[in-house]
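Welcome! Take a look at it first, and then we will start with one of its pockets.

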Amino acid sequence: MATTVILPSDVDSPPAGRTPPEPGGVRKRRRWSRTALIGLLFVLPAGLYIVIFQLVPVLYGLVLSFTKYSPLSRSGPVFTGIENYTDLLSDADFGSALLVTGRYVLQVLPITVILALGLAILVNRPFKGVGLFRSALYVPHIVSLTAVSMVWLWMYSQTGLFNEVLGWFGAPAQSWLLDSDSALNAVSAMRIWKALGSNMVLLLAGLQSIPRDLYEAARVDGAGRWATFRYVTLPGLRPMLVYVIAMDIIYLAQGFAEIYVLTQGGPLGSTTTVNYLIYTEAFQYNSMGSASAMAFVLFALIIGFSLLTIRGVMGRNR
C-alpha cells in the first residue's frame with residue numbers, strides 16, 4: 001500500500017488562485033480603524049463648533065487682554081504687556097464688582113442648596129401627585145433666564161404682585177429694585193427661585209442612587225433620623241452635592257442677564273457684578289483689552305473657588 005508524504009510546503013501554501021487569509025491581528029486593526037473613522041466623523045461637527053466658536057474666541061480674548069484696543073480705532077490692538085492686569089489692582093470699580101459678585105454668590109448658594117436638599121428629601125417619598133409636584137418645581141429651570149427676569153421685573157414694580165400683596169395687609173409699597181439696600185436681595189430672591197428646581201432634581205438623583213441596604217442597616221442599629229441623615233445620606237450624597245455647589249458657583253459668578261434686565265447694575269453700582277462690569281467696559285467704553293483682562297481674572301477666581309469647594313467637601317471623605 002502506497003504511502004502519501006505531505007510536505008510542509010504543501011500545508012502552508014494556499015490553493016492556486018486564492019490569496020492567503022490575513023492574520024487575526026491585522027483584521028482587528030482594520031476593523032478598529034474603520035470604527036475610529038466613523039466615530040471621528042460623528043464627533044467632527046461638535047469638535048469644529050467648539051474650536052471655532054469657543055476655543056478660538058477664548059484665545060483671541062486672551063491675546064486682547066495684553067493689549068489696548070477699541071473697535072472704533074483704526075490702529076488695531078496695541079500690545080501693552082500686563083498693564084491691564086496691574087491696573088485692575090487699583091481699579092475701585094473692579095474691586096466693588098468683586099465684592100458684589102461674592103455677596104451675590106454667598107446669598108444665593110447656601111439658601112438654594114439647603115432648600116433644594118429639603119425638597120429632594122420630600123419628593124423622594126411616594127405620595128399622591130409627587131410627579132406633578134416635581135415637574136412644577138422644575139419648570140422655572142427650563143424657562144429662559146431673560147424671560148424669568150422680565151416677569152420678576154413686573155412683580156417688583158410699583159404696581160406689581162409683591163406691592164399688591166403688601167397693600168392687602170396695609171403696608172406701603174416698596175421700591176424693591178430702586179433701593180441700594182434691597183436691590184441685590186431682590187435679584188438674589190429671583191435667582192433662588194430659578195435655580196431651586198434644577199438643584200432639587202440633581203440632589204433627588206443623588207438620593208435615589210444611595211443603596212437602600214444602608215438605610216436598613218442603620219435602622220437595625222437603632223440610628224435615628226438625624227444620625228441616618230448624617231452618616232448615611234450625606235456621605236452618599238456628597239459627590240452630587242459637590243457637583244451642585246460647584247456648578248452654582250460657576251453660574252452665579254457669571255451673573256449677567258438678571259442684572260441687565262432687573263437693575264442694569266444700579267442703583268449706585270449696588271448690583272454691578274464683574275460680568276456686568278465687563279459688558280459695560282467692552283460695549284459702552286469700547287475698552288476690549290481691559291474687559292478681556294477682567295474676564296480672565298474672573299475665570300481664574302471661578303476655577304480657584306470651585307477647586308477649593310471640591311477639595312473642601314470631598315476631602316472629608318478621605
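The lining of the second largest pocket divides into 6 nonpolar, 4 polar and 5 charged residues. In this sorting, Ala, Val, Leu, Ile, Met, Phe, Trp, Tyr, Cys and Pro count as nonpolar, Asp, Glu, Lys and Arg as charged, and the others, Gly among them, as polar. Of the 15 residues that line this second largest pocket, Ile121, Arg125, Tyr215, Thr228 and Thr233 are the closest to its centre. H9 and H10 are the elements that give two or more residues to the lining, and H9 gives the most, with 5 residues.

Before we go on, a word on the source. This is a predicted model, in which local features need pLDDT of at least 70 and side-chain atom pairs count only at pLDDT 80 or more, while totals for chains, interfaces and linings use all residues. Residues are numbered from 1 along each chain as its sequence is written, and side-chain values use heavy atoms, with hydrogens and water left out.

**Two pockets**

What is a pocket here? On a 1 Å grid over the protein atoms alone, a cavity is a set of points where a 1.4 Å probe fits but cannot get out, whereas a pocket is an open set with protein on both sides within 12 Å along at least five of seven lines; lining residues have an atom within 4 Å of a point. Grid points are joined across faces, edges and corners, and a volume is the space filled by probe spheres set on the points.

| Pocket | Volume | Top contributor to the lining |
|---|---|---|
| Largest pocket | about 730 Å³ | H13, 10 residues |
| Second largest pocket | about 500 Å³ | H9, 5 residues |

Of the 23 residues that line the largest pocket, the closest to its centre are Val58, Gln254, Asn275, Ala295 and Phe299. Helix H2 (24–64), H12 and H13 each give two or more residues to that lining. By residue class, the lining of the largest pocket holds 17 nonpolar, 6 polar and no charged residues.

**The chain as a whole**

Now step back. The chain has 13 helices and 2 strands; these are DSSP runs numbered from the N terminus, with helices (H or I) of at least four residues and strands (E) of at least two. Of its 318 residues, 32% are buried, where buried means under 20% relative accessible area, exposed over 50%, and partly exposed in between (1.4 Å probe, protein chains only). The chain exposes about 20,300 Å², with carbon and sulfur atoms supplying 67% of it. Such areas come from the Shrake-Rupley method with a 1.4 Å probe, and for residues only the protein chains shown count as cover. A contact means heavy atoms within 4.5 Å, and among contacts with a separation of 6 or more, 66% are between residues 24 or more positions apart.

**The nonpolar core**

A nonpolar core is a set of buried Ala, Val, Leu, Ile, Met, Phe, Trp, Tyr and Cys residues joined through side-chain atoms within 4.5 Å. Which residues touch the most other members of the largest one? Among its 55 residues, they are Leu109, Trp152 and Leu203. Several helices give two or more residues to this core, including helix H4 (92–123), helix H6 (145–155) and helix H8 (183–208). The largest share, 13 residues, comes from H4. Not counting residues up to four places away in sequence, Trp152 touches Phe162, Ala189, Met190, Trp193 and Leu262. In soluble globular proteins, nonpolar side chains tend to be buried together.

**Some single residues**

Beyond its neighbours within four places in sequence, Ser198 is in contact with Tyr138 and His141. His141 is 57 residues from Ser198 along the chain, and their C-alpha atoms are separated by 5.9 Å.

The loop between helix H11 (257–262) and helix H12 (274–283) holds Pro267. A cis peptide bond, with omega of about -5 degrees, joins Gly266 and Pro267. Leu268 is in the loop between H11 and H12 too, and its phi is near 55 degrees, a positive value in a residue other than glycine. Leu268 is exposed, with a relative accessible area of 83%.
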